[in-house]
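Please walk through this structure with the sequence alongside.

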Amino acid sequence: MAKLYFKYGAMGSSKTAQALITKYNYEENDLQVWLIKPGADTRDGENAVKSRIGLQAAAQVIPADMDIYQFFVANKAGACDVVILDECQFMTVAQIDQLRAIVNDYNIPVMCFGLRTDFQTKLFPGSLRLMEVADNIEELKTICDCGAKATVNARICDGYIVTEGDQVLLGGNDAYIAMCHRCYIRGIREKRIIKLHGQN
């Protein structure tokens, strides 16, 4: 039986790389992959998924108002062996339910890769729904600069941790750093200067 998978991790945990490697593995076995990403993710161009280590592939953009289930029925049923979704946290709750329905009705695995929580340690709506309805939930791990497991996506502005603002602010190493919760709280309390990776 096919499953709905949620593979989450803090920034820098190689989620996109894992998604693209998974795509390659399916295609190497002559299976058809539908690689998709939310319309909110515009960092790597209109129709591309790209990892920080240089892997990339063309992907279909899914606008927030698109019914994924209906599109799948009309265009992909019978011509798709797996659905792989990058940046799943940006999907709507309804779209996560539509992906769940694809698994249920067509016995097609759907693999979702993305963040669990935002820079305020709050669940994204899409991620929350995946926590509720996914068959398989797996954490992809990365580490804080202190060596502990990173669980927080700290947003950095002018060297300091930001705790207010819009939930969605696209960025990578230029705006975020993965931290353990202890370092995150200490950074806020002590107003520590945080050096972003790759920054001088």
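R100 lies in helix α3, residues 93-106; helices here are DSSP runs of H or I with at least four residues, strands are runs of E with at least two, and both are numbered from the N terminus. The model is predicted, so local features need pLDDT of at least 70 and side-chain atom pairs count only at pLDDT 80 or more, while totals for chains, interfaces and linings use all residues. Residues are numbered from 1 along each chain as its sequence is written, and side-chain values use heavy atoms, with hydrogens and water left out.

R100 has a relative accessible area of 14%, and it is therefore buried (under 20% relative accessible area; exposed is over 50%, partly exposed in between, with a 1.4 Å probe and protein chains only). Apart from neighbours within four places in sequence, R100 is in contact with L4, V133, A134 and D135, contact being heavy atoms within 4.5 Å.

Now to the strands. An open sheet of three strands runs in the order β10-β9-β11 with antiparallel pairing, where two strands pair if DSSP finds at least two bridges between them. Strands β10 (160-162) and β11 are at the edges, each pairing on one side only. Strand β9 (residues 152-157) and β11 are joined by four bridges in the antiparallel sense; within β11, A178 is the bridge partner of N153.

In a regular strand the side chains alternate between the two faces of the sheet. Strand β11 (residues 176-179) is covered on both faces, with Y176 and A178 buried on one side and I177 and M179 buried on the other.
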